[in-house]
Amino acid sequence: MSALLNVQGVKSGYGVVEVLRGIDLHVMPGELVALLGSNGAGKTTLNLTLSGLVATRAGQVQFDGHDITGLHSRQVVVRGLIQVPEGRKVFPNLSVHENLELGAFTRGRERRVQNLEKVYDTFPRLKERVSQLAGTLSGGEQQMLAIGRGLMAEPRLLILDEPSLGLSPLLVEELFGLISQLRSTGLSILLVEQNVGQSLDIADRAYVMENGQIRFSGTPGELLASDTLRQAYLGM
Ligand code: ATP
């Protein structure tokens, strides 16, 4: 089986600042891969680069066997590489329903209706709040809405950028349960997180990023078995 996402030697940055210094990673179809790393490691920059929002300066990004390096972000979305950005970024003055509809702007009307049903099945709490303004939802509900909006775009790979940020431990547990549930439907997921323990509980494989480079890649078991990695990244 070949990788759904294959990133080889990718470099990128802002102006004279080089942030990504040669990233290699891949996600196989149906895998849930955790990308871990502390503040400023370059995780968000990698996401923006994969989506065509920050230019790739070197290396190659392949998605589903096609070279997508340098494609416009809209083209990347149409192919099914969908991001749920850090900080949720829902439209506060639009309703739950309207926010979800916006996620489907690249898809036809009939599919939109089907996708909406799927999202409401996955997140019944959103269904109870269809006409509520997104800005009045709780943090956890806004995160579910942001993920729901991503699902409306029919992802083949869903990239979640720090979905647990700012949520209570109980909500994080619920959210990670939902992410696990999405994976069990066959969806491939790249979970970008600082919440190491809970990410490793649900991930098939993990990468640890530091200073714009991948320092470790392997299974959660391998990461947990290494004293050095545990001390450096898990604080244990
Ligand atoms: P966080 O968890 O805090 O979001 P991160 O791992 O996602 O961290 P990035 O946001 O990718 O890290 O930031 C990596 C580096 O790039 C940081 O040193 C940051 O200051 C720098 N950086 C990010 N955005 C810009 C920008 N627009 N212009 C210049 N430098 C930037």
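A: With residue classes: Ala, Val, Leu, Ile, Met, Phe, Trp, Tyr, Cys and Pro count as nonpolar, Asp, Glu, Lys and Arg as charged, and the others, Gly among them, as polar. The model is predicted, so local features need pLDDT of at least 70 and side-chain atom pairs 80 or more, while totals for chains, interfaces and linings use all residues. Numbering starts from 1 along each chain as its sequence is written, and side-chain values use heavy atoms, with hydrogens and water left out.

Q: How do you know which residues line the second largest pocket?
A: A pocket is an open set of points on a 1 Å grid over the protein atoms alone, where a 1.4 Å probe fits, with protein on both sides within 12 Å along at least five of seven lines; a lining residue has an atom within 4 Å of a point. Here the lining is Asn115, Lys118, Val119, Thr122, Leu151, Glu154, Pro155, Gln181, Leu182, Thr185 and Leu187. By class that gives 5 nonpolar, 4 polar and 2 charged residues; Lys118 and Glu154 are in the list, and Lys and Glu count as charged.

Q: Which elements give two or more residues to that lining?
A: Helix 4 (109–122) and helix 7 (169–184), with helix 4 giving the most, 4 residues. Elements are DSSP runs numbered from the N terminus: helices are H or I, at least four residues, and strands are E, at least two. The pocket holds about 260 Å³ of space, a volume being the space filled by probe spheres set on the points.

Q: What makes up the lining of the largest pocket?
A: There are 25 residues, with Val77, Ile82, Gln83, Pro85 and Arg149 nearest the centre. Helix 1, helix 2 (73–78), strand 6 (81–84), helix 3 (96–103) and helix 6 (139–152) each give two or more.

Q: Why is the pairing of Arg125 and Glu141 called a salt bridge?
A: The term asks for a side-chain nitrogen of Lys or Arg within 4 Å of a carboxyl oxygen of Asp or Glu. Arg125 and Glu141 meet at 3.5 Å, N to O, so the pair qualifies. Arg125 is in helix 5 (residues 124–127) and Glu141 in helix 6, so the bridge ties together parts 16 residues apart in sequence. The structure holds 12 salt bridges.

Q: How do you know that strand 4 and strand 5 are partners?
A: Two strands pair if DSSP finds at least two bridges between them. Strand 4 (residues 58–63) and strand 5 have 2 and run antiparallel, so they pass. Gln62 stands opposite Asp67 in strand 5. The open sheet has 4 strands in the order 2-1-4-5, with antiparallel pairing. Strand 2 (17–27) and strand 5 (66–67) each have a single partner, so one side of each lacks a neighbour in the sheet.

Q: Which residues beyond its neighbours in sequence does Ala3 contact?
A: Contact means heavy atoms within 4.5 Å. Leaving aside neighbours within four places in sequence, Ala3 contacts His26, Val27, Met28 and Pro29. Ala3 sits in the segment before strand 1, and its C-alpha is 5.8 Å from that of Val27, 24 residues apart along the chain.
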